[in-house]
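Please read it alongside the sequence and the coordinates.

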Amino acid sequence: MATLNLKNIQKIYPHSNDQKKAKKKKGEPEKKTNLQVTDQGVIAVQSFNLDIADKEFIVLVGPSGCGKSTTLRMVAGLEEISGGELYIDGKLVNDVEPKNRDIAMVFQSYALYPHMTVYENMAFPLKLRKMDKDEIDRRVKEAAEILDITQYLDRKPKALSGGQRQRVAIGRAIVREPKVLLMDEPLSNLDAKLRNQMRAEIIKLRQKINTTFIYVTHDQTEAMTLGDRIVIMKDGFIQQIGTPQEVFDHPANLFVSGFIGMPQMNYFNAKLVNEGGKYAVAVENCKVILSDEKQKNLAANKVQPQDITLGVRPSHMVLSKQPGNTLTATIDVSELMGSEVHFHANANGKDVVVIVPTMNADGERIDSYHAGDKLNLTFSGNVCHLFAKDGKNLEF
Amino acid sequence: MTQTAKKPVSTKKTILRLLLYFVVLDVCVITLYPYFAMLCTALKSREEIFSGGTVLPITAIWSNFIDIWSRAPMARYMLNSVMIAGGSTIIAMLCGIPAAYALARMKFKGQTAFLGFVIVSQMFAPVVLLIGIYQVMQTLNLTNSILGLVFINAAFNQAFTIWLLRGTFMGISADMEQAATIDGCNRIQSMMKVLLPVAAPGIVTTLIFIFINAWNEYTVALCLIQDDLLKPLTVGINTFNGYNIIEWQYLFAASIFAIIPVVILFMCIEKNLVSGLASGGVKG
Ligand SMILES: Nc1ncnc2c1ncn2[C@@H]1O[C@H](COP(=O)(O)OP(=O)(O)OP(=O)(O)O)[C@@H](O)[C@H]1O
Ligand SMILES: [Mg+2]
């Protein structure tokens, strides 16, 4: 139960001595990510601004190495904050020790104490707080009940399965009723089935306990299903903050549009044109007039006609019966998924993925296409995303 | 059909297995023979030893094992050895655990240099340092004292302790201690309540190893201790190696008492030792 304010948070990992030496020799240290490097060190996170409301569920998502864990660990106090301010419930906590921040954390590796039983693991944080024995017992049993691990309380972590260990780790975090619950990729060590199951458990858990959540993942399904708001990061920078629907419908830039949504959005080199005060996009010989909303947004930004990257999600591509004002593509592979078909097609050398229902509203089946067949593709004026050449969404 | 097809494979396996046993047996016989000879000699009478004869004693004189306790202050030697080995183990661990923790978990200036120094300090054989050690001990007034030997043995084993423990600590994910700090521990608590219990197997291995090393130490003790009642077992049993005559039977009987604790301790850590040394080596 707490609000969090992250103001201009920054993390610089100083160069280690080895790196400095390597730099002198080779000139440039080899780059794995595109993190900004200064004399002081590698900037793993910068300009991180986020206000988190009480009981909100925030998901940090992004590709590997983008600084999600670093941000989380700064909130936890495991990593020193190099710049900026972190407030929990309005109190500046930059220099407060982890144990005094009243936060709990679930580690990716579970980090259970192997020499203690499940019960002792869960009671550990309470014992350290000198809580009354009966109260400890009550809370541990209650958490065990919620997580369905009551029958394992006497076991050591070694004798538990991955999913059970994960529950214990969550149990240890919730017994304290912390202000903020931090989770760093808690489900990434589980197999797909268990992951789905635990995801549902976390949604249920959230309804049972009143806590602010910050959840790190690189899995967009987890991000979309769990988060009240999603924070998408790349190379240490926030790319976009928004509800799952906002992020999906209005990606702020090319990166976000490609990161969220499966299968990935299709991109075309296109032209934004303005004909008689109306904006339209032209891809090859297909021209589509944009929707009123988009007209308004573009006009408000005084966008000039220019070369753009046009993005259209696979499920927003439409099959048209007649050629003419359409894109032509040849099917490479067609995957039947039951209620829908995924076409992997080739449009003028570009790969295009198209998802169409196997049966349209008129009851007409369309699963009769095969590899090598020609498709006439089009899309409507309200589902296209217009990115400037630098990747920014022109509507923002 | 299937049985005949399988047969050649199993015969080959059996032969290989027999060969393996044969080699192992050889190695055992060669390494264990000195101990066997030692036991046999310890059971002989003085006359029999000097008259030559077979390895096996004609009549086993078990009383040799009892006689030594009255012929020399064996109990006292043993107590001294226990004090020296125990004391130096405690000191080496008390200094080694914080050092290894810092090297495994913290970053500080000169870390690499310090590790190098620790290794180098291990390179000198004690004999090389003997004169220096003697002078230092003399200044400290610790020659001819058990306390002096405690310090020296602790120092000799310090580098080894640090490396072994550092390897153990580095093999344990720091996540657990971080979880502990979030759960409400300070740094010391997270070390005492989480790291050390988890590292227990490695710690016990190191502990026993230091104990054995100190128990077996001979050279420095020989040079520093003059007083017969302050001698550890290794030096003390030389009483039977007199000016005029060597009492082989007693010397070997006493030696057997000296190696029994070592054998027992080695049996305790045998399994851990291999993995402990390996992890220390790889991570270091
Ligand atoms: N102790 C450190 N010293 C130097 N650089 C570090 C350190 N820890 C992390 N980094 C760098 O900071 C960047 C961000 O790391 P972080 O662990 O936050 O990534 P992440 O987003 O959690 O990635 P993943 O999904 O792989 O867990 C990485 O590029 C990493 O190389
Ligand atoms: Mg991470």
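**Strand pairing in chain A**

Strand E17(A) is joined by six bridges to strand E18 (residues 340–347) of chain A, and the two run antiparallel. The model is predicted.

- E17(A) and E18(A) form a hairpin with three residues between them.
- In the turn of this hairpin, Gly338(A) has a positive phi of about 95°.
- Ile331(A) has Ala345(A) as its bridge partner in E18(A).
- E17, which spans residues 327–336 of chain A, also pairs with strand E20 (residues 374–378) of chain A, in the antiparallel sense and over four bridges.
- Leu327(A) has Leu377(A) as its bridge partner in E20(A).

**Nonpolar cores**

- The largest nonpolar core has 57 residues; those touching the most other members are Leu4(A), Leu6(A), Phe48(A), Leu182(A), Ile214(A) and Phe169(B).
- Helix H4 (residues 74–105) of chain B gives the most to this core, contributing six residues.
- A second, separate core of 45 residues includes Phe57(A), Val61(A), Val106(A) and Leu187(A).
- Not counting residues up to four places away in sequence, the contacts of Leu4(A) include Leu50(A), Ile52(A), Val75(A), Val180(A) and Ile214(A).
- Under the same exclusion, Leu4(A) also touches Asp51(A) and Thr212(A), among others.

**Glu247(B)**

- Glu247(B) sits in the loop between helix H12 (233–236) and helix H13 (248–283) of chain B.
- Glu247(B) counts as buried because its relative accessible area is 16%, and the cut-off for buried is under 20%.
- Leaving out residues up to four places away in sequence, Glu247(B) touches Arg46(B), Arg71(B) and Phe240(B).

How values were computed
Residues are numbered from 1 along each chain as its sequence is written. Chains are lettered from A and ligands numbered from 1 in the order in which they are written. This is a predicted model: local features need pLDDT of at least 70, side-chain atom pairs count only at pLDDT 80 or more; totals for chains, interfaces and linings use all residues. Side-chain values use heavy atoms; hydrogens and water are left out. Buried means under 20% relative accessible area, exposed over 50%, partly exposed in between (1.4 Å probe, protein chains only). Contact means heavy atoms within 4.5 Å. Two strands pair if DSSP finds at least two bridges between them. A nonpolar core is a set of buried Ala, Val, Leu, Ile, Met, Phe, Trp, Tyr and Cys residues joined through side-chain atoms within 4.5 Å.
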